[in-house]
Amino acid sequence: MAHRLGTSASDIVAAVDYLRSGGVVGVPTETVYGLAASAFDIDAISEIYRLKNRPANNPLILHIHHPSQIERLADTIPETLPQIVDQFWPGPLTVVLKARPDVPAIVRGGGDTVGIRIPNHPTFLQLLASINEPLAAPSANRSNHVSPTTAAHVESDFPTESFPILDAGPTTTGLESTVLSLVGPPTVLRLGSTSITALREILPDVTIDLPDQQIESPGTSKRHYAPKTPFHIWSDQKITNEDGVLLFGGPPPEQAAHVWDLGDDPTQAGKKLYATLREMDQTQLRVLYVVLPNEKKLMQDDWLAIMDRLRRATQSK
Ligand code: TXA
Ligand code: MG
């Protein structure tokens, strides 16, 4: 099993040593826990892909602690970048830029761009500052499984591995960073913890184009962020006492005996979503259902990321 470190100065030193010797380390961020390795250590990066069983064409986010590190990774700096950095970093926004050719192809998933962010988490920022080089880190779950918001979630996805995890308690936003491409017209590629409304204040023309083919590529499934128990959107199916139901403040279906209610505030619901899906999964119920928030709410920007995760988690394959 992975072993836990804390967040003290000596724990950070231990994590830096481990990374420098070519290891991978579980790290806390404000969004979800990540599995980090030095961005320029090709063997350590391939270990991340192996551990997660992640398709080689899915690129990793590079985490930095200071904007001056962008130049080391990106070839072209768009005009709008300084304002975006000022407004959103550190924070849950990943910016995709044209990569410098010497950024290893493996972290770019073979493409010519690179996703970069400064996370807003004191422990991870200390680690990044101490090691003083970019750390690649995807979410610390097996590919397509629910993302981890605690160190225990990371351990349960990798029960036979022995990498260290910096345990800083539960994450705060609970949903991953928003991924914004600035290669060409500003485009959101993944909905996440930075809202579209907030982005529009600086990028009024930003569009959303979620590349489903990214997860429909050979060898991967559309199903993502998913529990292991069958999980469906509830549309009047008969509920038995062997079924679990996830609610967002609405009334439960008739006969529902096992109910989890995340409430009707999207910020609070987003924080608890992944931990709740993992908890529901562990109860060994037959089928899990989610009763979606009403349509008026669904049109609101702050529900978009949650709806996106539920849509993917309830895909059949
Ligand atoms: O909040 C987060 O973003 C967390 C924490 C650990 O930072 N990380 C995370 O990484 O969610 P991951 O690998 O689970 O998801 C990253 C997403 C994937 O959909 C990936 O395809 C996309 O970002 N991505 C990364 N680099 C990209 C690039 N150069 N171009 C397009 N998409 C990219
Ligand atoms: Mg992920």
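This report looks at a pocket and a helix in a predicted model.

Residues are numbered from 1 along each chain as its sequence is written. Because the model is predicted, local features need pLDDT of at least 70, and side-chain atom pairs count only at pLDDT 80 or more.

**The pocket.** Let's start with the second largest pocket, which holds about 300 Å³ of space. A pocket here is an open set of points on a 1 Å grid where a 1.4 Å probe fits, with protein on both sides within 12 Å along at least five of seven lines; lining residues have an atom within 4 Å of a point. There are 18 lining residues, and L175, G192, S193, T267 and D302 lie nearest the centre. Two elements each give two or more residues to this lining: α9 (266–282) and α11 (304–313). The largest share, four residues, comes from α9.

| Lining residue type | Number |
|---|---|
| Nonpolar | seven residues |
| Polar | eight residues |

Where does the second largest pocket lie? Domain 1 (3–208) and domain 2 (231–313) both give residues to its lining, so the pocket lies between them.

Now to α5 (residues 122–131), whose buried residues (under 20% relative accessible area, 1.4 Å probe) are T123, F124, L127, L128 and I131. Seen down the axis of α5, these residues fall within an arc of 135°, so they line one face of the helix. Among the elements that cover them (contact means heavy atoms within 4.5 Å) are α1 (9–20), β2 (25–27) and β8 (164–166). After α5 comes N132, with a positive phi near 55°.

Note on methods:
Chains are lettered from A and ligands numbered from 1 in the order in which they are written. Side-chain values use heavy atoms; hydrogens and water are left out. Grid points are joined across faces, edges and corners, and a volume is the space filled by probe spheres set on the points. Ala, Val, Leu, Ile, Met, Phe, Trp, Tyr, Cys and Pro count as nonpolar, Asp, Glu, Lys and Arg as charged, and the others, Gly among them, as polar. Domain bounds come from an automatic or database domain assignment. Buried means under 20% relative accessible area, exposed over 50%, partly exposed in between (1.4 Å probe, protein chains only). The arc is that of the directions from the helix axis to the C-beta atoms.
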